[in-house]
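Subject: Structure for your review

Dear colleague,

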Amino acid sequence: MVEPGNLTKVTAHMVSSLDGYIAAKDNRVEWMNSKDRFDQGVTLSKEEITAFLENIDCYVMGSRTYEHALELGWPYGDTPVYVFTKRSLPKKYPNVHFLTGDLNQVMQTQLKSDHCNIWVVGGSNLIRQFIQFGLVDELIVTIVPVILGDGQPFFESIEKEQPLHLKNVRAYTNGMVELTYSFQLI
Ligand SMILES: NC(=O)c1ccc[n+]([C@@H]2O[C@H](COP(=O)([O-])OP(=O)(O)OC[C@H]3O[C@@H](n4cnc5c(N)ncnc54)[C@H](OP(=O)(O)O)[C@@H]3O)[C@@H](O)[C@H]2O)c1
C-alpha cells in the first residue's frame, strides 16, 4: 500500500533499433545484445544493476510481451507482474496477475494505490495506450546500434502530438544510448 504523500511514478521503457523497431519480424532478440564498442561510454556494475532492479515495485506488460517473456526465460523474478489481456492465459508464476478493462481506472484503483515505482515494459501496443491516456511520467528509450530494416514499430498512430523534456542521456560502452524523457515540461 502506498503511504499517503508518497508519489507514484510510472516509467515506460523500451529497447529500440535506430530505425525505430522494438521487435524483429521473426521475434529474434539477439539484435538487442550489442557487440559494439564505445570507449567513452559507461558500464554498470552488477551491484548497480541489482540495486536499480530492486527499486522497481512492479512490471506492467501486454499479453504478447508476457508470452514472449515465457518463451525466452522469465527475467522478472518474484517482483509483481501485471499482464493486460482479455484472454485466459496460463499463470506460470505466482507473482503474475492478469488485468483487463479501462486502463485509466485499473491504474488508479489497482496499481497506483499499491505501487510507487511502476515499470511498463511493453510492448508497443500497451505503451501506445499508456501514452495516449497520459499515464506515463517518464519514457526511457534505449537505442541499440543496429538498423533492423523491418519489424514491429515502436511508435505507431499515437494520434497525439506531445512535446517532451529530455531529462538525461547516457551512452554505454556497448554502443547503446539511453534517452530519458519526462512528459512534464519544465
Ligand atoms: N524492444 C523492447 O523493449 C520490447 C519490450 C516489450 C516487448 N517487446 C516485443 O514486442 C512484441 C509484443 O508487443 P505488442 O505491441 O505486439 O504487444 P503487447 O503490447 O505486449 O500486448 C498487446 C496485447 O495486450 C492485450 N491488451 C492490450 N491492452 C489491453 C487492455 N487495455 N485490456 C486488456 N488487454 C489489453 C491484448 O491482448 P489479448 O489478446 O490477450 O487481450 C493485446 O493484443 C513482442 O515481440 C515482444 O518481444 C519488445
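Predicted model: local features only at pLDDT ≥ 70, side-chain atom pairs only at ≥ 80, totals over all residues.

Residues are numbered from 1 along each chain as its sequence is written.

The ligand is surrounded by 25 residues, of which the closest are Gly62, Ser63, Gly122, Gly123 and Asn125; a residue counts as near the ligand if its C-beta atom, placed from the backbone, lies within 6 Å of it. At least two residues of this shell come from each of strand S1 (9-17), strand S2 (21-23), strand S3 (58-62), helix H2 (63-72) and helix H4 (124-132), where helices (H or I, at least four residues) and strands (E, at least two) are DSSP runs numbered from the N terminus. By class the shell holds 9 nonpolar, 13 polar and 3 charged residues, with Ala, Val, Leu, Ile, Met, Phe, Trp, Tyr, Cys and Pro counted as nonpolar, Asp, Glu, Lys and Arg as charged, and the others, Gly among them, as polar.

Turning to the backbone, Gly122 and Gly123 are joined by a cis peptide bond with omega about 0°, and Gly123 is found in the loop between strand S6 (117-120) and H4. Asn27, in the loop between S2 and helix H1 (46-54), has a positive phi of about 70° although it is not a glycine. Asn27 is exposed, with 12 other C-beta atoms within 10 Å; by the convention used here, a residue is buried if 20 or more other C-beta atoms, placed from the backbone, lie within 10 Å of its own, exposed if 12 or fewer, and partly exposed in between.

The largest nonpolar core has 23 residues, and Val60, Met61, Val83 and Val120 touch the most other members; such a core is a set of buried Ala, Val, Leu, Ile, Met, Phe, Trp, Tyr and Cys residues joined through C-beta atoms within 7 Å. Strand S4 (81-84) gives the most to this core, with 4 residues. A second, separate core of 7 residues includes Tyr21, Ile22, Phe154 and Met176.

With best wishes
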